[in-house]
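I opened this notebook to keep track of what I looked up, entry by entry, and in what order.

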Amino acid sequence: MYEAESTGKCPHCGVAVRFEPVSCSVSGQWNGKGVSELTAITLSNHAILLRPSGCPACGRPILVVFRQRPDGDTWHDIDQTLWPESALRPVPEAVEKADPDAATDFREAVAVFPKSKKASAALSRRCLQHVLVEAGDATGPNLSVQIDSVLDKLPTHLAENVDAVRKIGNFAVHPSKSENTGEVVAVEPGEAEWLLEVLEGLFDFYYVAPARNEDRRAALKERLDDIGWGGLKGPPPTAEPPAE
């Protein structure tokens with residue numbers, strides 16, 4: 001659609017033009033196996049830097065734009081995933097059933113993540129607060145205090161991850177992240193990704209694992225009923241003594 005030498009309307013300025021070619025360069029070559037950065041520069045010296053990578057599990061490429069130079073020599077840091085359009089983070093069925101509001105916020109946080117880390121983090125923080133209060137019985141006037149109130153109720157690894165939300169998000173410098181969780185504010189590097197990771201861990205602890213255990217107990221009860229033991233409590237039925 002926007003190939004060099006083709007005509008069309010520029011998605012930046014809206015002017016009908018014939019698109020011109022750009023010069024491209026690569027950096028970070030190692031052993032002829034690949035590159036760490038790609039740079040595209042227009043004839044008017046506007047530039048954009050991209051970082052490609054690949055997944056060893058599925059073999060598919062990932063492309064992130066991380067810096068641009070709209071004019072002069074000033075570079076602006078950005079962080080936007082070009083491909084794939086969204087991360088593969090499905091909402092567990094147990095969450096969909098037990099807490100549709102949490103499921104909706106998480107799904108939207110994942111959807112906007114490639115385009116806006118700030119918007120994604122705001123949705124994730126709101127979702128985190130909701131889950132901690134509704135599923136974790138968290139108490140307190142803000143997210144930071146609510147996190148404190150649940151840490152001793154969580155497994156150690158999960159408690160450490162939840163606690164790290166405040167450190168990675170730099171709540172001390174940005175108190176609005178705790179006071180007004182849904183506010184769209186600047187994010188720290190890796191903050192939006194970390195929030196999604198923490199939410200997935202909490203989903204498993206509060207919703208998925210209990211639902212899975214309930215299903216297992218129901219299946220076990222059904223098997224016990226089949227052999228004449230009508231419950232999970234109490235001793236198993238005794239065998240009839242052999243006839244003399």
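This is a predicted model: local features need pLDDT of at least 70, side-chain atom pairs count only at pLDDT 80 or more; totals for chains, interfaces and linings use all residues.

The entries below go through helix packing, salt bridges and one further residue.

I began with helix α3, which spans residues 117–134, and with α4, which spans residues 143–150. I found that the axes of α3 and α4 come within 10 Å and cross at roughly 40 degrees. The crossing of α3 with α4 is left-handed. I then listed who makes the contact: from α3 come Arg125, Leu128, Gln129, Leu132 and Val133, and from α4 come Leu143, Gln146, Ile147 and Val150. Sorted by class, the residues of this α3 and α4 contact are six nonpolar, two polar and one charged.

I next turned to helix α5, residues 156–168, whose axis comes within 10 Å of that of α4 and crosses it at roughly 160 degrees. With the limit for roughly antiparallel set at over 145 degrees, I recorded α4 and α5 as roughly antiparallel to each other. The crossing of α4 and α5 is left-handed. On the α4 side I listed Ser144, Ile147 and Asp148, which meet Val162, Asp163 and Arg166 of α5. By class, this α4 and α5 contact has two nonpolar, one polar and three charged residues. I marked Ile147 for myself, as it is listed in the contact of α4 with α3 and also in that with α5.

Which residues are linked with Asp163 in a network of salt bridges? I found Asp148, Arg166 and Lys167 in that network together with Asp163. The side chains of Asp163 and Arg166 meet in a salt bridge at 2.3 Å, N to O, and because they are three residues apart in α5, about one helical turn separates them. The side chains of Asp163 and Lys167 form a salt bridge at 3.6 Å, N to O, and these two residues are four apart in α5, about one turn of the helix. I then checked burial: Asp163 has 19% relative accessibility and counts as buried, Arg166 has 16% and is also classed as buried, whereas Lys167, with 63%, counts as exposed.

Asp77 belongs to strand β7 (residues 76–83) and Arg67 to strand β6 (residues 61–69), so the pair ties together parts that are ten residues apart in sequence. Asp77 counts as exposed at 60% relative accessibility, while Arg67, at 29%, is partly exposed.

Leaving aside neighbours within four places in sequence, I found Arg126 in contact with Asp105, Thr181 and Gly182. I also noted that Arg126 and Asn180, 54 residues apart in sequence, are 8.4 Å apart in space, C-alpha to C-alpha.

Definitions and conventions:
Residues are numbered from 1 along each chain as its sequence is written. Side-chain values use heavy atoms; hydrogens and water are left out. Axes are lines fitted to C-alpha atoms, for helices over the stretch in contact, and angles run from 0 to 180 degrees between N-to-C directions. Angles under 35 degrees count as roughly parallel, over 145 as roughly antiparallel, 65 to 115 as roughly perpendicular and the rest as oblique. A crossing is left-handed if the near helix is turned anticlockwise from the far one by less than a right angle, and right-handed if clockwise. Contact means heavy atoms within 4.5 Å. Ala, Val, Leu, Ile, Met, Phe, Trp, Tyr, Cys and Pro count as nonpolar, Asp, Glu, Lys and Arg as charged, and the others, Gly among them, as polar. Buried means under 20% relative accessible area, exposed over 50%, partly exposed in between (1.4 Å probe, protein chains only). A salt bridge is a side-chain nitrogen of Lys or Arg within 4 Å of a carboxyl oxygen of Asp or Glu.
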